[in-house]
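Here's a quick tour of a protein model. Have a look at the sequence and the fold before reading on.

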Amino acid sequence: MSDNGWISLHRKILEHPFYKEKRKFSKLEAWIDLLLQANHKDNKFILGNEMVEVEKGSFITSELKLMERWGWGKSKLRTFLKMLEDDNMIVKKTDRKKTTITICNYCVYQGSDFKNRPPADHEQTTNRPRADTNN
């Protein structure tokens with residue numbers, strides 16, 4: 001199996017019964033969950049009496065929400081998030097009201113360069129023989 005390239009994973013997977021199943025998340029599931037929760041474009045919303053801006057690749061949460069979502073304790077959650085920060089995978093900013101998590105290099109995971117390719121490249125790709133496809 002090749003480790004090059006990427007697949008598109010729709011956020012609708014968050015609604016699938018397998019995803020909703022109550023369980024303790026693995027570290028991989030938690031990382032994928034962070035990627036799925038990140039905004040795909042800049043966004044604004046109201047939090048209490050404040051208008052909050054959230055950039056593409058970021059989202060607002062709390063440690064409590066993540067602990068409940070992943071079935072983890074506080075120590076495991078903080079250790080995991082610290083590991084991601086130390087490896088420059090995320091930036092975490094916390095204040096009294098919220099925790100903002102920003103995915104570093106979000107565009108790499110989002111594959112936004114795919115949308116900007118010229119149509120000729122799309123035609124070449126779709127007309128290419130399928131012998132090199134990873135099934």
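What follows covers the sheet, a surface patch and some salt bridges.

## The sheet and its helix

Keep in mind that this is a predicted model. Its open sheet has three strands in the order β3-β5-β4, paired antiparallel. Since β3 (58-61) and β4 (90-94) sit at the edges with a single partner strand each, one side of each has no neighbour in the sheet. On average, neighbouring strands are turned by 20° against each other, ignoring direction.

β3 and β5 (residues 99-103) pair over four bridges, and Phe59 has Ile101 in β5 as its bridge partner. Helix α2 (residues 27-37) lies across β3, β4 and β5, at about 95° to β5.

## A nonpolar patch

Out on the surface, Ile7, Leu9, Ile13, Leu28 and Ile32 make up a nonpolar patch with about 460 Å² of accessible area together. Leu28 belongs to helix α2 and is exposed, at 56% relative accessible area.

## Salt bridges

The whole structure has eight salt bridges. One of them joins Arg69 and Asp33, at 2.6 Å from N to O. That pair ties together distant parts of the chain, with Arg69 in helix α3 (residues 63-70) and Asp33 in helix α2, 36 residues apart. Arg69 is partly exposed at 35% relative accessibility, whereas Asp33 is buried at 0%.

Lys82 and Asp86 form another salt bridge, their closest N and O atoms 2.8 Å apart. These two are four residues apart in helix α4 (residues 74-86), so about one helical turn separates them. Lys82 is partly exposed at 45%, and Asp86 is exposed at 52%.

Conventions. Residues are numbered from 1 along each chain as its sequence is written. This is a predicted model: local features need pLDDT of at least 70, side-chain atom pairs count only at pLDDT 80 or more; totals for chains, interfaces and linings use all residues. Side-chain values use heavy atoms; hydrogens and water are left out. Two strands pair if DSSP finds at least two bridges between them. Axes are lines fitted to C-alpha atoms, for helices over the stretch in contact, and angles run from 0 to 180 degrees between N-to-C directions. Contact means heavy atoms within 4.5 Å. Patches are made of residues with over 30% relative accessible area and no salt bridge: like charges are joined within 9 Å, nonpolar side chains (Val, Leu, Ile, Met, Phe, Trp, Tyr) within 5 Å. Accessible areas come from the Shrake-Rupley method with a 1.4 Å probe; for residues, only the protein chains shown count as cover. A salt bridge is a side-chain nitrogen of Lys or Arg within 4 Å of a carboxyl oxygen of Asp or Glu. Buried means under 20% relative accessible area, exposed over 50%, partly exposed in between (1.4 Å probe, protein chains only).
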